[in-house]
Amino acid sequence: MATISLKNVSKKWAGFTGVDALSLDIADGEFLVLLGPSGCGKTTTMRMIAGLETISDGEIWIGDRVVNTLEPKDRDIAMVFQSYGLYPTMSVYENIRFPLRVRKVPRETHHERVMRAAAMVELGDFLERRPAALSGGQRQRVALARAIVRQPTVFLMDEPLSNLDAKLRVSTRAQIKNLHHELKTTTIYVTHDQIEAMTLADRVVVMNRGIVQQVGTPMQIYDRPANTFVAGFIGSPAMNLIEGDIRSGVFTATNMRVEGLAGMPDGPVTLGFRAEDAGVADRGGQISAPVYSMELLGDASMVTVQCGKALAAVKTPKDFRIAIGAPVGITVPASICHFFDARSGHRIEHPGKD
Amino acid sequence: MSVLTAKTSPWMRGAAIGFITLWLLMAAFPFVWTLWGSFKVQGDFFSRQDWLNALYGVQTLAETGSSFTGRGYYGAWVEREFWRSVINTGIVTGFVVVISLTFGTLGGYALSRSTARYAFWILIAALIFRAMPHITLLSGYLLPFFQLGVWGYLSTAIIVLVAINQPFTIWMLNSFFQTIPKDLDESAMVDGCSRFQAFRLVIIPVMWPGVITTGLFSFLLAYNDFAVTAVLLSQENQTMVPKIASFMGSTQVQGNVMFAVSAVVSATVPLFILVLFFQRHIVSGLTAGAVKG
């Protein structure tokens, strides 16, 4: 068990900055998710914590030690790789036992610990097989068992679910969540899938281009995105972002007019709202435009309209039907709106909102 | 195979089988001919009257009283002490293989995992050295070796052969190592291995087919080498191939050519056994390098 601290950690390659002055404190037992699109530096950050990548600048602390120059083996971590990294010449049992063997853990405890780890991920029946004879989900579980067998102070997981099919991903996700609940080991988890991040994390770190965009609980990140990048990345669908102008408390954009924004500074601004917060109006509404597309999701229907260049999606009840091209009014009250600086993209709190 | 299993007419099938059989016979004929002839006397195997004498052994019967004779073998192995050359070849090839593989696996692994740009140029340089005819190196070696007093020893030939062979082994092993994902080393290192332990405990077991294949090529290079061993070894330290050549060089003496023939057969047999024994590893080693990636 340990806390982890990153202090102004950077990774630079010749002429390219992978991670830029990242600072982060991770509490003991916390489940932290690094989230971002590919190339955002999340995996590099994890690999620096693991010791698989050198650190260009800054300090990484695990517990009360600076680990910058320590070998991966001396950092007391375990890692689950995206491709699992199982040893093809060893049986499942030997794979799980390998960390105990190389770390010279007393031999007589091996069997019990391997069996316990295997039982935790329900692998008992496959111990004699080679990894090649396992399905993707089973290999994944071998990798998990190999990580937990030694009870390290930190777990690192690098997109562990991305090679699984959709159904298996959901059940393995639940298994990881449950494992963390039982073991209470500090865990850092890298993913580009925001649903994984929302469901697993105690706290989410959203990254883009090597820079942390926002750190917060899943709900904070969902409800109060710090900038347009986070707003446009989190949620399914992502937040609608519409560029427009505020003049004396009224936001206007193509096909759109929102009133009641007293206290907001005048000038260009980006307005954001979530599809599920808005609704179709019986009459009037802040947006009035022809329907651009209509998608049936089963549990809801998604109506999309155009506001200038931007598309705005609205979630409606599942039995709502409307023809494409028909005029529709959409209610976007000021209370559901988020505002972002038109240039920097940073969030602007508006005084009218609680 | 797939060409044959697809619906081909019996004629095509017959033609294909016929062609392969013919090709096999043609390829095997020199070996079989030499093996057969090695049990005859020179007068038969190099008969001027009738080439069929080599088949029936007319002279052999007249000279030795039997249609097969072990004289060639006796002359080579006992009179001319071919066994010394066999031992020398064993020493040379053994050391060349072991040294080449040791440096080759370490170097190939390091280069395959290196992100430095010079790694590529080292490999290119290796390829160039490999492409040069061996004899170009030797002319330069000869004088310094004489002056240093290291000419003629087995160890000198071993070092030179390793030097010639090493670029190739590093190159080949490097490409094998590149087919093994880096994740494997990395998970081993996180699991508690040092870099070298990861190499020894995780990577090498996966690499066996590649190591065996490369080892076999190194073996063949050392075993079949003529240029280096002929120039650098003294008479008593000669390996098999230059020894056989020296039998050939003294054709004035009746029978010495037969020493060469029987020595050739003696030198070929171990190769056959070796290739048959490792045949499965070689195939899997070659395809593993080519397909997995």
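Analyst: Start at A:Leu35, which stands opposite A:Thr191 in β8(A). A:Leu35 is in β3(A), the strand that spans residues 31-35 of chain A. A quick word on labels: helices (H or I, at least four residues) and strands (E, at least two) are DSSP runs, numbered from the N terminus. Residues are numbered from 1 along each chain as its sequence is written, and chains are lettered from A and ligands numbered from 1 in the order in which they are written. Bear in mind that this is a predicted model, where local features need pLDDT of at least 70, side-chain atom pairs count only at pLDDT 80 or more, and totals for chains, interfaces and linings use all residues.

Now stay with β3(A) for a moment. On its β8(A) side, A:Phe31 stands opposite A:Thr187. Altogether, five bridges link β3(A) to β8(A), residues 186-191, and the two strands run parallel. (Strands count as paired if DSSP finds at least two bridges between them.) β3(A) also pairs with β9(A), residues 203-208, again in the parallel sense, over four bridges. There, A:Val33 stands opposite A:Val204. In general, strands of a sheet pair through backbone hydrogen bonds, either parallel or antiparallel.

So is β3(A) enclosed or open? Five of its five residues are buried, so β3(A) is largely enclosed by the rest of the structure. Here "buried" means 20 or more other C-beta atoms within 10 Å of a residue's own, "exposed" means 12 or fewer, and partly exposed is in between, with C-beta atoms placed from the backbone. Both faces are covered: A:Phe31, A:Val33 and A:Leu35 are buried on one side, and A:Leu32 and A:Leu34 are buried on the other.

Next, step back to the whole sheet. β3(A) belongs to an open sheet of six strands, ordered β6-β7-β8-β3-β9-β10 in chain A, and the pairing is mixed. At the edges stand β6 (77-80) and β10 (211-216) of chain A; each has a single partner strand, so one side of each has no neighbour in the sheet. From one strand to the next, the twist averages 15 degrees.

There's a helix to look for too. α4(A), residues 136-148, lies across β6 and β7 (154-158) of chain A, and runs at about 175 degrees to β6(A). For that angle, axes are lines fitted to C-alpha atoms, for helices over the stretch in contact, and angles run from 0 to 180 degrees between N-to-C directions.

Chain A also has an open sheet of four strands, in the order β2-β1-β4-β5, with antiparallel pairing. Its edge strands are β2 (16-26) and β5 (65-66) of chain A, each pairing on one side only. Between β1(A), residues 4-13, and β2(A), seven bridges make an antiparallel pair, and A:Lys11 stands opposite A:Val19 in β2(A).

An automatic or database domain assignment sets the domain bounds, and for chain A it gives domain 1 (4-228) and domain 2 (238-348). Four residues of domain 1 of chain A are in contact with eight residues of domain 2 of chain A, where contact means C-beta atoms, placed from the backbone, within 7 Å.

Key:
Contact = placed C-beta atoms within 7 Å.
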